Amino acid sequence: MPEQCKVDMEKVVSLCKRRGFVFQSSEIYGGLGSCWDYGPLGVELKRNIKNAWWRAVVQERDDIVGLDSSIMMHPQVWVASGHVAGFSDPLVECKVCHLRWRATDLNGKRCPDCGGELTEPRMFNLMFKTFMGPVEDDAHVIYLRPETAQGIFVNFENVMTTSRKKLPFGIAQIGKSFRNEITTGNFIFRTREFEQMEIEYFVKPGTDEHWFEYWVNERFNWYLSLGIKPENLRLRRHAKEELAHYAKDCYDIEYLFPMGWAELEGIANRGDFDLRQHAQQSGKDLSYFDDETGERYIPYVIEPSAGVDRSALAFLVDAYDEEVVEGEKRVILRLHRDLAPIKVAVLPLSRNERLVPLAKEIYGELRRYFMTQYDDAQSIGRRYRRQDEIGTPFCVTIDFQSLEDNQVTIRERDSMAQIRLPIKGLVETLRAKLAGESFATQPLWTAKGTGAVDQ
Ligand code: GAP
């Protein structure tokens, strides 16, 4: 039996829309195909994914530095990189309904929509074109970048000299890329505008296989460290005939999405293809002088290339859970605490005028340190459910006893355990818990353990 993801895509899409993670682009005009807008919670999730990546590959290492290159680049860049000549997909058109398809998706079958006969395939370049300046002729054509990688290669020399890096070292970049994909779909999985997180890691030729293996492991473990379930993640090595024009070797990290196993990130050994091509095309020397051995050579490159949107989808699917507590359905996003859009919710037991000032004061203090939400609408149980559904790890509840003993109740999302803690030192307590520390003392009670419901 084929392996199957336990979560329906429709449920995730519906949650994303209902709670403000993802909206269809230009929805009031009927939407624009394959384009999506990230709402208040989606933008936080994406920022958290990017921050976690940046932290792991730049902040916590001393061999990788960052870059933010422009989306529009000199058109010769794309000639040198091979994209003008070769970044294409075979396109076929249905002779009856005129829908267009990527031939490789059809395995020689007839039109999937109406069964009509298809034209012979012709190559279709996936780069978006536009014009720079007011003259719209061939001399002014430029492209929206289809990968962030080339911005790194053309800055190799600039970054190496200004940051005084020696091999092996890497350059990391996060940014938008654009591909005029023939077929899109599966929500934010394949879109025409998307965000990439790419590293180009430059190494001495001959050490490339070691570093290739190193990065495959490093990147695989990054997803696990952020809570992806191991059974939903696998590695797939590309067959020789599948390799991109620049690649010596490539692994895909695949995730078990609702539509099946699909690429989440690619790790390629690009050899010296790109630097050699740019050196030739630009006439600039892009070799590296190894002052330890006295050798000069063009470095090889290992490239871990991830998609922000695809990661967001994988994290959402993996975190989505439903359970029944006391006969009531509870939808939970069990997002890793580093990825959760809102870290803490402050919930006064009611809108009572004696509770509100203290609740507002606590809210004011916590929001200085964490993304915090204040919610006082409807019953406390309902409010817990709302926070569960968006993945908020902790709720802080202020009740009448808080006015007497200066303590609040902290309720943990996954276990629903509740514990009473002093208001003094709350920031430090929450910070420790958001860094992964578990409850040090026995919880007051757990809804799961006792069968009691949140009240
Ligand atoms: N620089 C190498 C490169 O761009 P890729 O395998 O074409 O390699 C890398 O893309 C990653 O970018 C993919 O694993 C995926 O996560 C993301 N990606 C590529 N095309 C995408 C699309 N149309 N929509 C969303 N994400 C995409």
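A word on the model before we start: it is predicted, so to speak with care, local features need pLDDT of at least 70 and side-chain atom pairs count only at pLDDT 80 or more, while totals for chains, interfaces and linings use all residues. Residues are numbered from 1 along each chain as its sequence is written, and side-chain values use heavy atoms, with hydrogens and water left out.

The domain assignment, which is of the automatic or database kind, gives domain 1 as 9-70 + 145-316 and domain 2 as 342-434. Their centres, taken over C-alpha atoms, are 37 Å apart.

Now, how many residues are in contact? On the domain 1 side there are 7, and they touch 6 residues of domain 2; contact here is heavy atoms within 4.5 Å. About 570 Å² is buried between the two domains, 52% of it on carbon and sulfur atoms. Buried area is the accessible area (1.4 Å probe) that two parts lose on being put together, summed over both. Of the area that domain 1 buries against domain 2, Arg19, Leu41 and Glu44 supply 65%, more than any other three residues.

Please find arginine 19 on your screens. Arginine 19 forms a salt bridge with glutamate 389, with the closest N and O atoms 3.0 Å apart. The count between the domains is 2 salt bridges, each meaning a side-chain nitrogen of Lys or Arg within 4 Å of a carboxyl oxygen of Asp or Glu.

Thanks, and happy to look at it together!
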